Amino acid sequence: MQKPNDETLIAYLDGELDAGLRSEVESWLESDAELRDRVAALAASAAALRVLFEPVLHEPVPERLLAAARGPVGPEVIDFAAAQKTRTPRRLIERRWVRWAAAAGVAGLLIGGGAGYFAGGYDTDVQTAANVASANWLDNIAGYHKLLINAGADDQALVDVPSNSNDAARKVVQKLPSDFKLPNLKPWGLDFQGARYLVVGGQPATQLFYTTDNKKLGPLTVVIGATSQPDAAPTFDRRGDLNMLYWRHHGHAYALVGTADIGYLWNISNDIEYQLDAI
Amino acid sequence: MSVSISDQLIAVLPRLRRFARGLTGSAAEADDLVQAACERALTRAHQFQEGTRFDSWMFRIAQTMWIDLLRSRNTRKEVAEDEALHVGSDEPGRRVEARLALQEVRVALAQIPAEQRVALLLVTVDGMSYKQAAEVAEVPVGTIMSRLARARVALQAKLEAGVHTRRSRNDAEAE
């Protein structure tokens with residue numbers, strides 16, 4: 001074999017060579033210091049590239065993208081090419097869209113319920129605004145639930161604190177309201193699998209992930225976040241195939257999300273409320 | 001039970017955002033691209049072939065939209081303003097060095113031709129095999145291999161040049 005060129009060295013680093021070629025490249029590397037330096041430099045620049053983009057995986061996914069992925073889409077379907085041609089004006093439009101979406105939840109509300117929202121009186125507006133804010137919060141919680149369930153607990157890119165990390169409970173609790181502990185749901189057959197830190201409705205939140213062998217129950221997520229809204233009793237809602245129970249207590253919002261029967265969720269939520277002193 | 005398109009979209013969003021960030025060089029433009037790609041995927045859901053990789057399909061939509069845009073405006077995007085480096089004077093020296101190095105990677109990537117950049121992002125950053133990257137880019141595996149090699153060599157050369165420039169500047173400042 002001739003001295004390997006860059007293309008072959010890169011394919012070697014990428015694990016794309018068959019066993020025969022790989023062995024020949026390794027023989028060259030054993031005897032050629034210059035080639036070893038070249039491989040090391042190529043590997044280092046590839047690593048730098050990965051490091052540059054790694055943080056993007058850990059950023060909370062913007063709510064507008066979760067809404068777009070869920071569909072229906074916003075009041076305007078983005079014409080990406082046109083958007084880029086008129087960058088500055090479009091950003092203004094988009095910012096408005098984002099602000100509206102944050103206030104009104106899914107964009108569909110802007111078209112449908114939104115019309116009533118702007119036509120109604122002030123008192124009605126306030127109540128409606130609170131309702132759509134709750135709806136938006138639940139939409140995002142449901143989106144984050146699906147994101148985690150689809151990826152699985154093993155996806156290190158999504159789970160900020162895996163359950164197998166040292167002192168996982170302490171790390172999670174640091175992000176929970178003070179004096180709170182990680183809810184123990186083992187009596188329900190639910191094992192803690194990890195936690196993810198989110199921003200929902202502009203407020204920090206922690207998403208706890210539990211799984212079980214009980215197929216009737218299925219995986220669950222518990223979200224605990226900050227809220228400026230008044231206390232509210234546990235309330236049932238649905239998003240697609242997801243059942244959700246949510247409540248607010250002393251500046252914190254709670255949601256229990258899963259495909260489990262609502263009876264299970266009520267009982268588990270009672271347990272969580274008791275454990276977290278969030279009744 | 002088959003997973004809905006929306007569920008699969010949500011699961012692939014973090015990787016798609018990373019890919020788009022690499023293509024556009026800008027967080028805002030990247031999210032615009034991802035949003036537009038999601039919308040296109042939902043309107044063309046019937047075109048997705050069951051049994052094929054959903055993530056490949058989504059990456060293909062995003063890269064096609066981006067390449068189309070570049071061709072339409074026939075310019076190459078430089079490093080976006082909102083991604084520009086702002087180094088605080090009170091930052092520890094080593095951290096500044098690290099940020100400068102990452103900024104050099106970002107600048108170098110922005111100077112690489114779009115189709116090579118796609119190959120680089122799919123294989124080197126996302127970890128796809130050459131075969132999967134070829135499916136996304138809709139080119140033969142050999143083309144991916146050569147684009148990738150040209151991109152990696154160019155990246156390497158630009159980074160080495162950056163290191164030399166930085167050393168020269170440091171030496172000059174020291175004197």
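Predicted model: local features only at pLDDT ≥ 70, side-chain atom pairs only at ≥ 80, totals over all residues.
Colleague: What lies between the strands in the hairpin of β6(A) and β7(A)?

Modeller: Two residues lie between the strands of this hairpin, and A:His250 has a positive phi near 50 degrees.

Colleague: How do you know that strand β5 (residues 232-239) of chain A and strand β6 (residues 242-249) of chain A pair?

Modeller: β5(A) and β6(A) have six bridges, in the antiparallel sense, so they pair. For example, A:Arg239 is bridged to A:Leu242 in β6(A). These strands also form a hairpin with two residues between them, and A:Gly240 in the turn shows a positive phi of about 60 degrees.

Colleague: Let's look at one residue in β7. Why is A:Ala253 called buried?

Modeller: A residue is buried if 20 or more other C-beta atoms lie within 10 Å of its own. A:Ala253 has 26 other C-beta atoms within 10 Å, so it is buried. This residue lies in strand β7 of chain A.

Colleague: Which residues does A:Ala253 touch, not counting residues up to four places away in sequence?

Modeller: A:Ala253 touches A:Trp137, A:Gly225, A:Thr227, A:Tyr246 and A:Arg248. There is also a distance to look at: A:Ala253 and A:Asp231 are 22 residues apart along the chain, and their C-alpha atoms are separated by 8.5 Å.

Colleague: Now the helices. How do you know that the length of helix α2 (residues 19-31) of chain A agrees with what it should span?

Modeller: At 1.5 Å a residue, the 13 residues of α2(A) should span 18 Å. The end C-alpha atoms are 19 Å apart, which agrees.

Colleague: Why is α2(A) said to lie largely in the open?

Modeller: Look at the number buried: of the 13 residues of α2(A), it is one, so the helix lies largely in the open.

Colleague: And what makes helix α4 (residues 63-70) of chain A mostly covered?

Modeller: Here, eight of its eight residues are buried. Among them are A:Glu63, A:Arg64, A:Leu65 and A:Leu66. After α4(A) comes A:Gly71, with a positive phi near 60 degrees.

Colleague: Which residues have the most contacts inside the largest nonpolar core?

Modeller: They are A:Ala255 and B:Ala62, in a core of 104 residues. The largest share of this core, ten residues, is given by α1(B). Leaving out residues up to four places away in sequence, A:Ala255 touches A:Leu138, A:Ile141, A:Val223, A:Met244, A:Leu245 and A:Tyr246. As a general pattern, nonpolar side chains tend to be buried together in soluble globular proteins.

Colleague: How many residues does each chain bring to the contact?

Modeller: Chain B gives 46 residues and chain A gives 43 residues. On the side of chain B that touches chain A, the elements giving two or more residues include α1 (5-24), α3 (54-73) and α7 (141-174) of chain B. By class, that side of chain B has 27 nonpolar, seven polar and twelve charged residues.

Colleague: What is the secondary structure of chain B?

Modeller: Chain B has seven helices and zero strands. In chain A there are eleven helices and seven strands. As for burial, 43% of the 175 residues of chain B count as buried, and buried residues make up 38% of the 279 residues in chain A.

Colleague: Where in chain B is confidence lowest, and where is it highest?

Modeller: By element, the lowest mean is in α4(B), at 75, and the highest is in helix α6 (residues 130-137) of chain B, at 95. Over residues 76-90 of chain B the pLDDT is below 50, and this stretch has 23 contacts in the model beyond near neighbours in sequence. Chain B averages a pLDDT of 82, with 80% of the residues scoring at least 70. The model itself scores ipTM 0.83 and pTM 0.58.

Methods:
Residues numbered from 1 in each chain as written. Chains lettered and ligands numbered in written order. Contact = placed C-beta atoms within 7 Å. Helix = DSSP H or I, 4+ residues; strand = E, 2+ residues; numbered from the N terminus. Nonpolar A, V, L, I, M, F, W, Y, C, P; charged D, E, K, R; others polar. Core = buried A, V, L, I, M, F, W, Y, C linked by C-beta atoms within 7 Å. Buried ≥ 20, exposed ≤ 12 C-beta atoms within 10 Å, placed from the backbone. Expected span 1.5 Å × (residues − 1). pLDDT = per-residue confidence, 0-100.
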